[in-house]
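This report describes selected local features of one protein model, from strand pairing to charged contacts. The sequence and structure are shown first.

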Amino acid sequence: MPSVKYNLNQLAKTFSKVSLTFAYIAIFISGSSAFAQKGVIKGRVFDVYTNEPLPFTNIIIYGTAIGTVSDPEGNFVFESVEPGFIRLQASMIGYAVFVGEDFQVTTAKTVTVDIPLKPLSVNLEKVEIKASPFEKRAESPLSMRKLDISEIEKNPGGNRDISKVIQALPGVASSVAFRNDLIVRGGGPSENRFFLDDIEIPNLNHFATQGASGGPVGIVNVDFIREVDFYSGAFPANRGNALSSMVEMRQMDGNPDKIGFRATIGASDLALAMEGPLTQKGSFVFSLRRSYLQLLFGAIGLPFLPTYNDYQLKYKIRFNRHNELSIISIGALDQSVLNLNIKNPDEEQRYLLGYLPETSQWNYAVGAVYKHFRSNGYDTWVISRNMLRNSSDKYRDNDESVDSKKTLDYSSDEIENKFRFERTILHGPYRFNFGLGSEYARYYNKTFQKIVTDSDQVLDFNYETTLEIFKGSLFGQATRMLLEDRLTLSLGARIDASDYSREMNNPLKQISPRLSTSYSLTEKWSANFNIGRFYQLPSYTTLGYRNQEGQLVNRDNGITYIQANHIVAGIEYRPNEKSQITVEGFYKMYNKYPFSISDSVSLASKSIDFGVYGDEEVIPGSEGRAYGVEFLARSRDLKGFNIIFCYTLVRSEFTDKNKVYIPSAWDNKHIINLTATRQFNRNWNLGLKWRFVGGAPYTPYDLTLSSQREAWDARGRGYLDYSKFNTLRLNSFHQLDVRVDKQYFFNKWSLRIYLDIQNLYNFKSEQPDYLTNLSVDGLPMPDPNNPDKYLLRSIPNTAGQTLPTIGLIVEL
C-alpha cells in the first residue's frame with residue numbers, strides 16, 4: 001500500500017453516507033429510553049510469586065472512596081459500579097501498594113480482574129508507600145512506558161492500532177502517514193521484537209515488510225488487549241534479538257461466567273469477538289476480522305485493492321493454585337491485487353500500476369505457556385511455532401499473457417519453532433530470573449527477478465535456497481533493593497549462538513551484559529541509569545541469500561550478529577501520584593551492521609519499503625551511532641485531561657564505504673507529540689493528538705541508469721543514486737488528529753460510536769518525486785537520439801489527506 005493521493009471529494013462523499021447512517025443510529029438511541037445501568041467487577045488478589053490467595057486485602061476503585069475487602073480465598077466483588085474506564089488500587093501489610101491498569105466496566109458483562117501483589121523487602125515503619133499508576137521496574141527503571149487499554153482504544157488518529165499509538169511515545173518517529181513502522185531512537189524498523197502473552201510474534205502488521213516489521217495496518221485486535229509495555233531500551237535479559245525496542249502485549253482472560261460477544265464496524269474492517277467459559281476452570285477469547293478496503297479503494301479509484309483477514313485466540317485454564325496453562329494464537333491472510341479496471345487513469349495511477357506487484361502473504365503464531373508456582377517463585381515454560389509465507393509477481397505492462405514480460409516472481413517461507421524456560425525466585429532480599437532457550441528455524445526462497453548489475457547490465461536473476469538454523473540462548477538477571485529501598489540494582493547477562501557459521505556458533509562472542517540502577521533522591525525525584533550490550537541476528541532474507549551459483553555468499557563474507565551498545569541516563573520527577581516528568585539521554589553504538597555490496601550503503605537505512613528487506617549480498621562492515629535526548633510530561637488528571645507530551649532530539653548516522661558517518665533514513669532530528677483526552681458527562685470523550693516529525697534524508701535518482709530502456713523495463717521505476725545517498729532532506733511533517741466517542745449503556749448490552757479524523761487541517765507532506773517514462777497522455781517517451789533510452793520526467797509527490805473514520809462497537 002504505497003503512498004498515493006486520492007480524490008478527496010469522492011472519499012468525503014463515501015464517508016458522508018456512512019456518517020449519515022451512524023447519525024440516524026445515534027439519534028434513535030439518544031431518543032430511546034435508557035435507564036441508568038450499573039456494572040459488576042469481581043476478581044482475585046494473590047501473591048505474584050507463589051499464586052497464593054491474599055485474604056483481607058483492601059481494594060478500592062482508584063481515585064474514589066469506594067472499596068471492599070477480599071475474602072479468605074482472596075476473592076472480591078464490586079457491585080453497582082458506574083460504567084466506564086476505571087482502575088483498582090489494593091494494599092495489604094507486607095506488600096507493595098498495587099495500582100492496576102485501567103479497564104472498562106460495562107453493563108454487558110461482569111469484568112474479572114486479577115490483582116498480583118509483590119512482597120516488600122523492608123520494614124514498613126521505615127518506608128512511606130505511595131500509590132501511582134506509573135510503574136517502575138527494577139530491571140528497566142527507565143525507557144519503559146506502559147499503555148492502558150483506554151489510551152489505545154481512544155487514541156486520536158490511532159484507529160485502535162497499537163503501532164500507531166506507540167508512535168506517540170518518546171523516542172518514536174513515524175514514517176509517512178500510511179505506515180506503521182516503529183523507528184525508535186534512530187534505529188530502523190527491523191530492530192524491534194513483539195510478544196503476546198509471552199509468545200513471540202514476528203509480524204505486528206498486515207502486508208508486512210519481510211525481514212523487517214513495518215506495514216500499513218496492525219494485525220492485533222485490541223478488543224482483548226489488557227495493557228502494553230513498550231521498551232525503547234534497558235531490555236531485560238530474558239528477551240533477546242532486539243536492538244531498538246520490545247513490545248510486550250498482554251491479553252485479558254475470558255469471562256468465566258458466561259458467553260459474551262463484541263462486534264466492531266469501522267471504515268475499513270469488520271471484527272467479531274467472542275469470550276466465555278469452556279470448562280469450569282478454563283475460559284477463552286477469540287476474534288475474527290476482515291477488511292473491506294478493496295471495496296472502498298475500488299470506489300475511489302485507487303490502483304491497488306488490498307484485503308486483509310486476521311484471527312486471535314487465547315485459552316487459559318487454571319488446574320489449581322500452582323499450575324496454569326495458556327494457549328495463544330494469532331494469524332493473518334493478506335492479498336493485494338492491481339485495479340486494472342480504472343477508466344482514464346491519471347499519471348500517478350499509471351505510475352503505480354507500472355511498478356507495483358501483486359502480493360499474497362499469510363502468517364501465524366501459535367504457542368503454549370505453562371506456569372508452575374512454587375513456595376518462593378514460579379517456572380514458565382513456553383513452546384511456540386510461527387510461520388510466514390510471502391509471494392509476489394510482476395509483469396511489464398501488467399501483461400501476464402507473455403511470459404517474457406515477467407520481471408518478478410518471488411515466493412518465500414520463514415518457519416520458527418521455539419522453546420524457552422524461565423525460573424523466577426525470591427531468595428531473601430534478592431530476586432532472580434534465569435533460564436534458557438532453543439530454536440529451530442527453516443527459511444525457503446525461490447526468486448526470479450530482473451536485476452541491474454554493477455556494470456549497468458540487465459540480467460535474469462534466478463535462484464532457490466533452503467536454510468536450516470539452530471539457535472540457543474542462556475540468560476540470567478539478579479535484582480536487589482538497598483538503602484531501605486531507595487537504591488535498586490539489577491545486573492543481567494545473556495549469551496546467544498547459532499550454527500549458521502563459525503562467526504556465530506561461539507556463544508562467548510555474543511555475551512550481552514546489562515546493568516540497571518535507580519536511586520530515589522527524594523520522595524518525588526529519582527535518578528535512573530542503564531548500560532548494556534545487545535545482539536540481533538540478521539534477517540533470514542540476508543542469511544539465506546545465494547548467488548547464481550548457489551553459494552551462501554553472506555556466510556562466506558563473514559556475516560554475524562549485529563551488535564548495539566546502549567547507554568541511557570535520566571531523571572524522573574513525580575509532582576503527585578497522577579503526574580510524571582522524565583528527561584532521558586541515550587547513546588547507541590552499532591557494530592557489524594550488514595553493508596550492501598551493490599549499493600555501498602548500510603542496510604540500516606533500507607527496511608521501510610514494502611516487499612522484502614535484506615535479500616542481497618552484504619558484508620558485516622557498517623558501524624552506526626544514534627544519540628539524543630527525550631523529554632516526557634505525563635498527567636492522568638490535568639484539569640480533567642489525560643495528557644502525554646514528549647519531545648525527542650535524535651541523530652542517527654551510519655558509515656559509508658569510506659567509513660564516514662552520514663545520516664541514516666531515520667535522522668529526523670526533532671520529534672514532538674502531544675496527546676490530550678478528556679471524559680465528559682453522559683459518556684462523551686474528546687481526544688486531540690498533534691505530532692511533528694522533522695524531515696528525513698532521502699536519495700536522488702540516478703537519471704543516467706534510470707533512463708536506460710532495459711533497466712527501466714526491469715522494474716518500472718527509477719534507480720537511486722547511492723553515490724549521493726541521503727544528501728537531500730524532506731521538509732518537516734505535522735498533523736492534527738481528532739477523535740470523539742459516545743457510549744451508551746443498556747440492560748446487558750452497550751454501544752459505542754466514534755468519529756476519528758486524521759490530519760484535520762489536511763497537511764500535505766513532501767515526498768520524493770516520482771520518476772516516470774510516460775507522457776501526460778500515458779504513452780512511453782523514447783529518446784529520439786538514442787533508441788536504447790527513455791526520456792524521463794518527474795511527477796510531484798505529496799502524502800496526507802484528511803481522513804475521517806467512523807466506527808461502531810456493540811458489546812453484549
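Is aspartate 496 buried or exposed? At 13% relative accessibility, aspartate 496 counts as buried, where buried means under 20% relative accessible area, exposed over 50%, and partly exposed in between, with a 1.4 Å probe and protein chains only.

## Basis of the model

This is a predicted model, in which local features need pLDDT of at least 70 and side-chain atom pairs count only at pLDDT 80 or more, while totals for chains, interfaces and linings use all residues. Residues are numbered from 1 along each chain as its sequence is written, and side-chain values use heavy atoms, with hydrogens and water left out.

Aspartate 496 belongs to strand β29; strands (E, at least two residues) and helices (H or I, at least four) are DSSP runs, numbered from the N terminus. The side chain of aspartate 496 makes a polar contact with that of arginine 494 at 3.0 Å. A polar contact is a pair of N or O atoms within 3.5 Å; within protein, one must be able to donate a hydrogen and the other to accept it, and residues adjacent in sequence count only if both atoms are side-chain atoms. Residues up to four places away in sequence being set aside, aspartate 496 touches Gly472, Ser473, Pro507, Gln510 and Tyr561, contact meaning heavy atoms within 4.5 Å.

Leucine 491 also lies in strand β29, which covers residues 487-498. Leucine 491 counts as exposed because its relative accessibility is 55%. Together with Leu515, Ile531, Ile567, Tyr587 and Met589, Leu491 forms a nonpolar surface patch with about 470 Å² of accessible area. Patches are made of residues with over 30% relative accessible area and no salt bridge, like charges being joined within 9 Å and nonpolar side chains (Val, Leu, Ile, Met, Phe, Trp, Tyr) within 5 Å. Accessible areas come from the Shrake-Rupley method with a 1.4 Å probe, and for residues only the protein chains shown count as cover.

## Strand pairing

Strands β27 (residues 430-452) and β28 (residues 458-482) pair in the antiparallel sense over 23 bridges; two strands pair if DSSP finds at least two bridges between them. Phenylalanine 434 has glycine 476 in β28 as its bridge partner. Five residues separate the strands of the β27 and β28 hairpin, where aspartate 456 takes a positive phi near 65 degrees. Strand β28 is also joined to β29 by twelve bridges, again in antiparallel fashion, and leucine 474 stands opposite isoleucine 495 in β29. The hairpin of β28 and β29 has four residues between its strands, and leucine 483 in the turn shows a positive phi of about 50 degrees.

Elsewhere, five strands form an open sheet of mixed pairing in the order β10-β17-β18-β13-β14. Its edge strands, β10 (144-148) and β14 (199-200), each pair on one side only. Within this sheet, β17 (residues 225-231) and β18 (residues 245-251) run antiparallel and are joined by six bridges. Phenylalanine 230 has valine 247 in β18 as its bridge partner.

## Salt bridges

Side chains of opposite charge can pair when their charged atoms come close. With a salt bridge taken as a side-chain nitrogen of Lys or Arg within 4 Å of a carboxyl oxygen of Asp or Glu, the count comes to 64. One of them joins glutamate 275 and lysine 109 at 2.5 Å, N to O. This pair links distant parts of the chain, 166 residues apart: glutamate 275 is in strand β20 (residues 269-277), and lysine 109 is in the loop between β8 (103-105) and β9 (110-117). Glutamate 275 and lysine 109 are both buried.

Lysine 316 and glutamate 324 form another salt bridge, with their closest N and O atoms 3.5 Å apart, and both residues are buried. In the salt bridge of lysine 405 with aspartate 397, the closest N and O atoms are 3.6 Å apart. Lysine 405 is buried at 18% relative accessibility, whereas aspartate 397 is exposed at 57%.

## Helix α5

Helix α5 (residues 347-355) is largely enclosed by the rest of the structure, because seven of its nine residues are buried. Among them are Arg350, Tyr351 and Leu352. The buried residues of α5 pack against β23 (323-338), β25 (377-395), α9 (709-715), β44 (770-772) and β47 (793-795). At the start of α5, a side-chain oxygen of aspartate 346 reaches to within 3.1 Å of the backbone nitrogen of glutamate 348.
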